[in-house]
Amino acid sequence: MIPRLTWMLARPTRESLGVTALPVVAFGIVTALLIAVLGGAQAFWSWTDDLAITYQALAIVALALLIVPLTTLGGSAARLSARRRDDRLATLRLLGATPASVGAIAVLESAALALVGAVLGVVASFGLLPLLALIPFRGEPLGLGSVVLPPLALVGVVLGVTLVAVVSAVLGLRRVTISPLGVRTRQDAPRAHWILPVLAVLFILVTALAMSALSGLGSIVAILVVLAIGFGGSIAVLNLIGPWVLRLVARGRVRRARTPEKLLAARGILESPKAAWRQVSGTAMVSFMAVFAGSGAAVLDALSGAEGADSETRMLTADIATGLTITVVISFLMVACSVGVNQAAGILDRADLYASLHRLGMPPAVADAARRGTVMVPLLVTSLGSAVVAAIVVFPLTGAALLLAPLSLVVIGAVLAAGILLVRLGLVATAPLLRRASLSVPVSV
Amino acid sequence: MTSVVLEAQYLDKFYGPTAALSAASLSIGASESLAIMGASGSGKTTLLHCLAGIIPPDRGRVLLRLGGTETDIAALDERRRSQLRRETFGFVFQQGLLIPELTALENVAIAPMLSGVARRVAEDNARQWLGWLGLAGLEDRRIGQLSGGQAQRVAIARAQVTGASVVFADEPTGALDSRTSDEVMDALLRSTTAQGRALVVVTHDADVAARCSRTVHMRDGRIQPAEVAA
Ligand SMILES: Nc1ncnc2c1ncn2[C@@H]1O[C@H](COP(=O)(O)OP(=O)(O)OP(=O)(O)O)[C@@H](O)[C@H]1O
Ligand SMILES: [Mg+2]
C-alpha cells in the first residue's frame, strides 16, 4: 500500500513538475560531480612509482574537503523533496495514516527522486569525463581510460547518493516531528558568550605564529601535519563563530535598513543566523582553503623554482595548484547548487506569504531582492571573512607569496569571485519560482 | 449612499468551464461597510479579488472614483494595479499573513515603506495605528508571539496605515472565537467607516454581516437581487 500511496503523492503533475524536477536535477549534479572527483582520484591510484603515494594522500585530502559541500548539497536536495511533501503528509495524517507509514512514504519518495537523479547524473558524467581527461597531471593529460570508473563503482555511487538522501530524509523527519508542521520556531544562535570570539581570535593568532615557524620544520610530513591542524582547527573555529558574526552583522543591518528589501533581508538572517550560516558555510571552507592552500602552493612553487629544485618537486607543486583549483571550483559548484535548492525549498515554504505580499502590492522584484539579500549578505561576509582569517593564519606564507608570486594571489581572488558569481547564479535560477508563487492566487484565503 | 467610490459593472470571470462570476454588478459608497455573504464556492473571494485589482475580470469594468477622477481598474496593467493596491486599498486576510520574521511594528511600517515613505516616518505612523488599535507595548513582538486577535489587529493597522480609501477583508474573523471576532470587527469598523473610508467584508458569519451597513448575497457567481438587509 505504501508504494502505491507514494506514487500517488509523488507522481509529477503539471504544477508540481518543476518542483519534482529540482531535487532530481540536484541529485544528478551531486552524482556527476562525485563521479568526476572519484575518476580523478582513480587516475592517481593507477600510478605505482615513488611519488604515487604523495598524490594519493593529496587525493584523499581533496576528497575529504569535498565531503562537506557534498553532504550539504545532498541534504538540501533531500530537504527540498521533503518540503514539497509537507502539506500532503499533513493531509495523510488527517486521513488517519500512522506516523510510521507517513514516514515511510517520505523516505521512499526521497529515495526514488535521488535514484532517478543519480542515474541521470551517471549519464551526465560521461559528458564531463572527457573534459576531466584533458587536465594535465605530472606533465601529461590524465587520459580518458584512467578516469572512467568501472561499472560496479558507478552502481556504488548511485546507491551511495540514494543512501545520503534516505539518511537526510530520516533526519529531516525527526526535525518535523520535533517542531510541528508549518510553525516557524525561532532558533536563536546560541547567545555566544563574549569569551567565545576572544578564544577564536586567540586560536587564530596562535595558529598564525605556528605557521610562521613552519619553515623551521625539516620534513614535508611535519609541515603537512601542522598545516592540517591549523587548517582543521581554523575551519572549526569559523564554524563556531560564523553564526554569531552573522547575527551581529544582521542586527546592525536591521537598524540601518532604509528600504523594505533591506529590512526584510536583514530580518531574514536574524530569524535564524544558524540557518543563514549553514546555507553558505560551504563557501567559508572553500574560500579558506583557496587562500590557505593556494598561497602555500604558490610559495612552494616559487621556492622550488628559485632553488633549482629537481623537476619532480616542481611538477608536484604545479600539480597541487591544479588539484586545488579543481577542488575549489567543484566545491563552489556544489555550494551554488545547494543554495539554489535551499532557496527553492524556502520559496515553496512561503508561497502563501509571497502571494499575500503580492496582493498587498509588493512587487515580486522587492520580494526577490529581499531573498537575494538573505543569501548574498551572509555569502559575502562568510567568504571574505574566511579569506581574511586564512590570510592571517598563513600571513608569513601569504606575505611571501605576495612577493614571490603575486600572480597566484590574483588567481585565488579570481577563483573566489567566480565562485561567488556561481552562487549568485543559483539565486537567479530560482527567481521564476518566486514570481510564480507571488502571482498565484490561492483558491482559499 | 453619498458618493460611490467603487463600482463593478457586469463582471464575468471564468476558471475553465466554471463561471466564478457572471454579470456581477455592485457599488460601494465612500464611507460604507458592505458584507458579502453566500455559500462556499459562490464567488465571493473572486469578486473581492476583481474589485481590488488582484485579478482582472474576463469582462466588465471596475470603476474607482477618487478625487474627481474615474479609473477602470480592470483595464490597468499589473504594475499600475499593484501600485493601486499599495496606495489606495488595504487588505486583511483570514490568517493575518503577516511576515513572521518582522516585528509587529515593522509589519505595519513596511506598507508605506513600499511606496517610498521613509522608515522613520512609516514607523511613527505605524506606532500610532497600533496604539489606536489597543496594541501599544506590543510593537516589538514578533508575529508568532501575538494571539490570533492581536495579529489580526496588526493586519488591520497594516491595511490602514497607508490611508487606504477602501479596505478589503476576506473572512477576517474566520479563525477567531466570537468575542475576539467582535473586537476585530470593532477595530475594522472604527478604522474605516468611522474615518470616512469604505470596508468590504466577505464573511460566513451573520453577526459580522449584521454590523455592516449593507449585505449582498451571492449564488453561483451572481449577486442576488436586493433583499431585506439582515
Ligand atoms: N484559481 C482558481 N482556479 C480554478 N478555479 C477557481 C479558482 N479560484 C476560484 N475558483 C472557482 O471559482 C468558484 C468561486 O470561488 P471563490 O473562491 O470565489 O468562492 P468563495 O465564495 O470565496 O468560496 P469560500 O466561501 O469557500 O471561500 C469556485 O467554483 C472555485 O472552485
Ligand atoms: Mg473565499
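**Interfaces and packing in a predicted model**

Chain B and chain A bury about 2,600 Å² between them, 64% of it from carbon and sulfur atoms; buried area is the accessible area (1.4 Å probe) that two parts lose on being put together, summed over both. The model is predicted: local features need pLDDT of at least 70, side-chain atom pairs count only at pLDDT 80 or more, and totals for chains, interfaces and linings use all residues. Residues are numbered from 1 along each chain as its sequence is written, chains are lettered from A and ligands numbered from 1 in the order in which they are written, and side-chain values use heavy atoms, with hydrogens and water left out.

**Chain interface**
- Contact (heavy atoms within 4.5 Å) joins 26 residues of chain B to 28 residues of chain A.
- On the chain B side, B:Leu97, B:Glu101 and B:Arg119 lose the most area to chain A, together 24% of what that side buries.

**Domains of chain A**
- Chain A comprises domain 1 (1-186) and domain 2 (192-440), with bounds from an automatic or database domain assignment.
- About 2,900 Å² is buried between domain 1 and domain 2 of chain A, with 73% on carbon and sulfur atoms.

**Helix pair in chain A**
- A:Pro364, A:Ala367, A:Asp368 and A:Arg371 of H14(A) meet A:Ala431, A:Leu434, A:Arg435 and A:Ser438 of H17(A); helices are DSSP runs (H or I, at least four residues), numbered from the N terminus.

Terms used. Helix = DSSP H or I, 4+ residues; strand = E, 2+ residues; numbered from the N terminus.
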